[in-house]
Amino acid sequence: MRRVASVRFLTVAVQCWARARAAVGVCARVVVGGGLVWGQAGPTVRQDVDPAAALRGRAVYTQFCVNCHGALAKGTEEAPDLIRSPLVLRDRLGNELGPALKRLPNHKRDLTNAQVGDMTHFLKEQIENTAKNRNPVRPPNVLTGNLDAGRAYFNSKCTACHSATGDLAGVSRRIPDAVDLQQRFLFPRRTKPVQATVAGVTGDLVRIDDFTVSLKTGAGETRTWTRTDALQVALNDPLKAHQDLLDVYTDADMHNVVRYLESLK
Ligand code: HEC
Ligand code: HEC
């Protein structure tokens, strides 16, 4: 029931958002009627999705946000749904999201305005896709794949790091919802820090940007270097294989693998 109600809110909000310019007053009334305050303030010019920016934004989102807010930005047990977030709906080119990222605890504060702007195109695109494609009552069926094909794929691409009788034994008992299971396999959580070696010193990566890189060494001290062309930096991210695989899976591979993982009871 809650789910249905909130999806209905979404549809109303998106329609309103699309018409914001023409009918701000009407929309504000409808949405407030649904118990939410979106639609009262905010600029009147709608942000048209720029597909190139959305693609760049997807990359930023995948790097910094996906682990908590989920593949479709619809939230996880860790973090809220951004597609239904009034803050995101109201945002225009980062005017809400930028300040929010600086204000929210444990959020990345140093994204550039361009990165934040690109991410808003990605989020608006997700909102539009959600409004257009999703069946509002039932969640998508992600168990349409082929079990044997999924097993074969797993044995060829995954067993270097996983085992159906070892770390992933009973994975579908641990993660019983198939949508969550798909999400977790596509975007695993980070349980171990990224290892890095800088100028011969190895440790856990604390931060890296274009200018500096910091590590926490085995002795527990944090060391920071200024990045130059001569400075050697090697990163060893245990989740890199997963990020790379995202470009490799076909939709069929994905569904087959989820079907297989779901059989690991
Ligand atoms: C470590 C997990 C985590 C990561 C990574 C993360 N978030 Fe969040 N985010 C949260 C949690 C938890 C909340 C709820 C916090 C609160 O309400 O105080 C939240 C709240 C938000 C909100 C406010 C939503 C609302 O309607 O109030 C926005 C917007 C947001 N995050 C955007 C982002 C973006 C964009 C990124 C990537 C740059 C990101 N988050 C990365 C955990 C995370
Ligand atoms: C190069 C190593 C590597 C490869 C290849 C790899 N993974 Fe992973 N996978 C990881 C790491 C690291 C994690 C994070 C979990 C951890 O740190 O224990 C992870 C997490 C997962 C999780 C989440 C487990 C949980 O309990 O949350 C699933 C499911 C998963 N991988 C499935 C797969 C599948 C399916 C494939 C093949 C298509 C695959 N992985 C390929 C390294 C790998």
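## The sheet

Strand 3 (residues 212–217) and strand 4 run antiparallel and are joined by five bridges; strands here are DSSP runs (E, at least two residues), and helices likewise (H or I, at least four), numbered from the N terminus. Val-213 has Trp-225 in strand 4 as its bridge partner. This is a predicted model, in which local features need pLDDT of at least 70 and side-chain atom pairs count only at pLDDT 80 or more, while totals for chains, interfaces and linings use all residues. Residues are numbered from 1 along each chain as its sequence is written, with chains lettered from A and ligands numbered from 1 in the order in which they are written.

Both strands belong to an open sheet of five strands, ordered 4-3-2-1-5 with antiparallel pairing; two strands pair if DSSP finds at least two bridges between them. Strand 4 (222–226) and strand 5 (233–236) stand at the edges with a single partner strand each, so one side of each has no neighbour in the sheet.

## The nonpolar cores

The largest nonpolar core has 16 residues, and Tyr-61, Leu-82, Val-88, Met-119, Phe-122 and Leu-123 have the most contacts inside it. Such a core is a set of buried Ala, Val, Leu, Ile, Met, Phe, Trp, Tyr and Cys residues joined through C-beta atoms within 7 Å, where buried means that 20 or more other C-beta atoms lie within 10 Å of the residue's own, placed from the backbone. Helix 2 (51–64), helix 4 (86–90) and helix 6 (113–133) each supply at least two residues of this core. Helix 6 gives the most, with five residues.

A second, separate core of seven residues includes Tyr-153, Val-258, Tyr-260 and Leu-261.

Technical notes. A residue is buried if 20 or more other C-beta atoms lie within 10 Å of its own, exposed if 12 or fewer, and partly exposed in between; C-beta atoms are placed from the backbone.
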